[in-house]
Amino acid sequence: MVAGMQSRITPPARTGGRPRSATADAAILEATRQGLVELGWSKLTLSDVATRAGVAKTTLYRRWAGKSELVVDAVAELFDELELPDRGSLAADIEGVVLQFALLLGRPETKTALMAVVAESTTDAPLRERIRTSIVDRQKRLVLAGRARAQERGELPAEPDPVSAARTADLIFDVIAGAVVHRALVSAEPVDTEWARRFTLLLLGGLAAAADAP
């Protein structure tokens with residue numbers, strides 16, 4: 001699913017006017033997550049977020065068009081905490097990411113916010129696109145870093161065709177993210193060390209079969 005540097009929300013550049021405050025942005029995103037846990041999606045308002053963050057409502061409206069966009073960015077910041085550990089082998093690295101991902105999904109603010117924006121996105125195409133660009137595409141960094149490291153170790157073959165390599169990266173991300181989210185949030189079953197080990201064996205077996213396929 002990356003490497004030791006954690007990316008953070010980088011708001012779009014503004015031309016003219018007062019420069020944005022990173023401190024205010026951080027307070028707003030944290031207040032959004034707290035509000036979701038305490039109030040839920042339907043009762044959360046931008047006014048409530050502004051009060052919790054100690055900023056004016058106009059500050060929020062200058063930064064985000066509405067609640068959906070704000071919540072996506074609040075979730076994206078949490079997912080930017082994920083890192084790819086170097087545990088000596090591809091299997092161990094995958095297990096480490098899976099367990100780290102599951103712990104993140106177990107946090108009330110992550111669970112509440114993620115489920116809320118996914119539900120809203122079923123009828124909101126622009127919101128789905130924001131989820132894709134702000135969360136999904138950013139977290140594919142983990143897959144790309146893990147694959148590159150495994151290729152350097154000789155654990156995975158090189159993929160000289162960039163189109164094929166991109167398809168493989170997308171598939172790996174979908175399998176890992178889909179399985180862990182379903183296990184943790186839909187089935188509400190534990191993602192423990194044994195499950196992560198068995199899942200990793202299944203994933204690596206599939207990658208090996210795909211590499212051998214004509």
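Contact here means heavy atoms within 4.5 Å. This is a predicted model, where local features need pLDDT of at least 70 and side-chain atom pairs count only at pLDDT 80 or more, while totals for chains, interfaces and linings use all residues. Residues are numbered from 1 along each chain as its sequence is written, and side-chain values use heavy atoms, leaving out hydrogens and water.

**View A. Arginine 33 and its neighbours.** Let's start with arginine 33, found in helix α1 (helices are DSSP runs of H or I, at least four residues, numbered from the N terminus). Leaving aside residues up to four places away in sequence, arginine 33 touches Ala74, Glu77, Leu78 and Glu109. Arginine 33 is buried, with a relative accessible area of 6% (buried means under 20% relative accessible area, with a 1.4 Å probe and protein chains only).

**View C. Valine 98 in the largest nonpolar core.** Now look at valine 98, which touches Ile176, Val180, Val191, Trp195, Ala196 and Phe199, not counting residues up to four places away in sequence. Val98 and Val180 are among the residues with the most contacts inside this core of 56 residues (a nonpolar core is a set of buried Ala, Val, Leu, Ile, Met, Phe, Trp, Tyr and Cys residues joined through side-chain atoms within 4.5 Å).

Key
Helices (H or I, at least four residues) and strands (E, at least two) are DSSP runs, numbered from the N terminus. Buried means under 20% relative accessible area, exposed over 50%, partly exposed in between (1.4 Å probe, protein chains only).
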